[in-house]
Amino acid sequence: MFAARYEPGRKSLIVQDIPTPELRPHEVLLKIQAAGICHSDLHVLDGEVPFPNSFTMGHEGCGQLVEKASEAPADLKIGGTYAVHGPNPCGNCVYCRTGHDNLCNDPGRSWIGLGEDGAYADYLKVAARNVVEVPAGVSPAVAAVATDAVLTPYHAMKTLANIRMEQTVLVLGLGGLGSNGVQIALALGAYVIASDIRDSSLELARTLGAHEVVHAQELDGKVKGKKIDVVADFVGRESTFTQAQMLVRPGGIILLIGLGASNVPLATVAAAGSEIRVQGSFWGTSVELGELLRHIADGKIRPEVETGNLEDVSNWLEELRSGKVRSRMALVPKVA
Ligand SMILES: [Zn+2]
Ligand SMILES: [Zn+2]
């Protein structure tokens, strides 16, 4: 089968013809219908996050279940469409057993498409517990990007920050994740202020229904003094993180979602004096993935997605690198 693979030390994917995976107990085989591409792939290929082994890339997968091991749960349907929970949790460790399976630290497994074989292939095998059924009406392309680009802001905003009605949320950075973040905050009932440096992104936020849209350079003057309960920083650079500290209300939360810089400064005296909480976040849980797919099916969240051919994944990753992908991109196999 076709597979686009990471090789340690190589800066681009290598396309190979490899055997279709054989199932071990408790696994299922998906025929890939869509695979999202992500900046994390570029960080890995650039050597910033090195892996010692080679593997098929692609951590945002969705496919049709075509085979399952006899031990796999009876309710998984042959022919059904399933999204892959990329963290690939073990199901047994204390994090998995307490509902925090995004934090699974079992040393025996790694993430799908980031250490373990992923979705840039004709087929993907995965532990049966790590697939989530895609509801009718949600396309494989949307489900694929939902597994990361929607799940990550959903986990941060709904679960970690507990955003709810009557709260005011400031979203900094309106790229693929941030524009989904605007929709999630609106779906949770919040008053949403959206900010970016790009006029086209501000226009998008307006069409998504943000209550206020403010250019980043005008933010301090226009927003200061408003009681902002949560600042969701989808950029994670010094400029946005500093703005977040100035604008969040005492006792409020700064969600650190974007990781644009490896270090950002924290004004310790001010942060202590106003009891600001800085909340890190990582991906999302399998339960949340199921929830948000239902929100998408209900039309409460409508992720923007562009599509291209899966076989051209290397070219699309270069397009992503050069900033030509406007929202999020899911690659689909050519129709045979
Ligand atoms: Zn990703
Ligand atoms: Zn675990």
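View 1. Along the sequence, the donor residues of the zinc ion (ligand 1) follow the pattern C-x20-H-x88-D. In this predicted model, Cys-38 (SG), His-59 (NE2) and Asp-148 (OD) coordinate the ion at 1.8 to 2.2 Å. Donors are N, O and S atoms within 2.8 Å of the metal (3.2 Å for Na, K and Ca); water is not among the atoms, so sites may look incomplete. Cys-38 counts as buried because its relative accessibility is 6%, and His-59 counts as buried at 2%. Buried means under 20% relative accessible area, exposed over 50%, and partly exposed in between (1.4 Å probe, protein chains only).

**View 2. The site of the zinc ion (ligand 2).** Cys-90 (SG), Cys-93 (SG), Cys-96 (SG) and Cys-104 (SG) coordinate this ion at 2.3 to 2.4 Å, with the chain spacing C-x2-C-x2-C-x7-C. The angles among the four donor atoms are 104 to 114 degrees, and the site is tetrahedral (four donors, all angles between 85 and 135 degrees). Cys-90 and Cys-96 are both buried.

**View 3. The open sheet E2-E1-E4.** Three strands with antiparallel pairing make up this open sheet. Strands E2 (14–17) and E4 (55–56) stand at the edges with a single partner strand each, so one side of each lacks a neighbour in the sheet. Strands are DSSP runs (E, at least two residues), numbered from the N terminus, and two strands pair if DSSP finds at least two bridges between them. Strand E1 (residues 2–6) pairs with E4 over two bridges; Thr-56 in E4 is the bridge partner of Arg-5.

**Conventions.** Residues are numbered from 1 along each chain as its sequence is written, chains are lettered from A and ligands numbered from 1 in the order in which they are written. Local features need pLDDT of at least 70, side-chain atom pairs count only at pLDDT 80 or more, totals for chains, interfaces and linings use all residues, and side-chain values use heavy atoms, with hydrogens and water left out.

Notes
Four donors count as tetrahedral if all angles lie between 85 and 135 degrees; four count as square planar and six as octahedral if opposite donors are over 155 degrees apart and all others between 65 and 115; anything else is irregular. Helices (H or I, at least four residues) and strands (E, at least two) are DSSP runs, numbered from the N terminus.
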